[in-house]
Amino acid sequence: MTTPLVTLRDIEAARAVIAGHVTRTPVVPSPSLSQHCGGDVHLKLESLQPTGAFKLRGATNRLMALTAEERRRGVVTMSTGNHGRGVAYAAKRLGVPAVVCMSTLVPRTKVDAIRDLGADARIVGDSQDEAGVEAERCVAEDGMVMVSPFDDPAVIAGQGTIGLELLEDLPAVDLVLVPLSGGGLIGGIAVAVKALRPQARVVGVTMERGAAMYESLKAGHPVPVKEEPTLADSLGGGIGLDNRYTFALCRTLLDDVVLVSEEEIAEAMRHTFWQDRLVAEGGAVVGQAALLTGKVAAAGQTVACILSGRNVDMHQFVDIVTRPASGGAPS
Ligand SMILES: *Cc1c(COP(=O)(O)O)cnc(C)c1O
């Protein structure tokens, strides 16, 4: 069997489908990061989506493809929070019943937002994989339609629309830094970027704690990782041992994958808040962390960081950004 690929045309089609349902987000310069790393650094603000994260793109594209019969049966998903919120939002809009299965690791603020949208939010187990068992049960016993958070061509194409917008706004981009978990976000972006600007590098960044795609790429096949609490909670979870799309896309298209520590993520949250004046969740600033630590060199290059979401518990956020920064007092 050949690997079914997501193509630029799929992404262009997705863009037409989701237009009017999702926000075309701005790309803004980051003078402080540019100064820090000697490049020309920009942030694409997916945090401005109505659900606070990019996952609305893929969820909307997938749900718009449901048949009338599938809409009646309803959708089910497992999520670290942001995908569930995107599914719940799109489902509400289309009048489709939605069940979102999440583990105990998912922050309360994300669970509450999903309930507020009218979805049936279920807390099952201590990892996304355990929550996935309940989602599979809903498919097998209740006939619901599974909407994968990343391993679905329609989801990947939806996330890839970020790449199209980025290249319109920053046509000279040399390096795209993308938060990486299951690989739907970077997979879609990489398809678009490599098709339209092949010389640009696409680099995934993820946390040291439970780096599922990183370990899988290293092993040459999907491997299980233990899911641990992390500031980058939206990057938790495995890639699925039966992964069909994102592993192959990442293996083919990524130029590198870089890991950052919890303290480096916290520092990047502080930097993004005090210098760029933006609220971002831990999983959304790993690209900035890679630049701040020098783990990715950016001197002389035009760089884009995908700021993927802002759905952080605000008490935790305030606690992190008011801790003394290692780089001195905020200005
Ligand atoms: C899901 C998520 C990611 C990672 O996306 P994948 O498609 O799973 O790689 C990054 N940032 C945020 C905020 C997310 O919610």
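Colleague: Why is Cys 305 called buried?

Modeller: Cys 305 has 0% relative accessibility, and buried means under 20% relative accessible area with a 1.4 Å probe and protein chains only, so Cys 305 counts as buried. This is a predicted model, where local features need pLDDT of at least 70, side-chain atom pairs count only at pLDDT 80 or more, and totals for chains, interfaces and linings use all residues. Residues are numbered from 1 along each chain as its sequence is written, and side-chain values use heavy atoms, with hydrogens and water left out.

Colleague: Why does Cys 250 count as buried?

Modeller: Its relative accessibility is 2%, so Cys 250 falls under the 20% limit.

Colleague: How do you know how many disulfides the structure holds?

Modeller: A disulfide is a pair of cysteine sulfur atoms within 2.5 Å, and the structure holds zero. For Cys 250, the nearest cysteine sulfur is that of Cys 305, 18 Å away, and Cys 250 is in no disulfide. For Cys 305, the nearest is that of Cys 37, at 8.0 Å, and Cys 305 is in no disulfide either.

Key: Buried means under 20% relative accessible area, exposed over 50%, partly exposed in between (1.4 Å probe, protein chains only).
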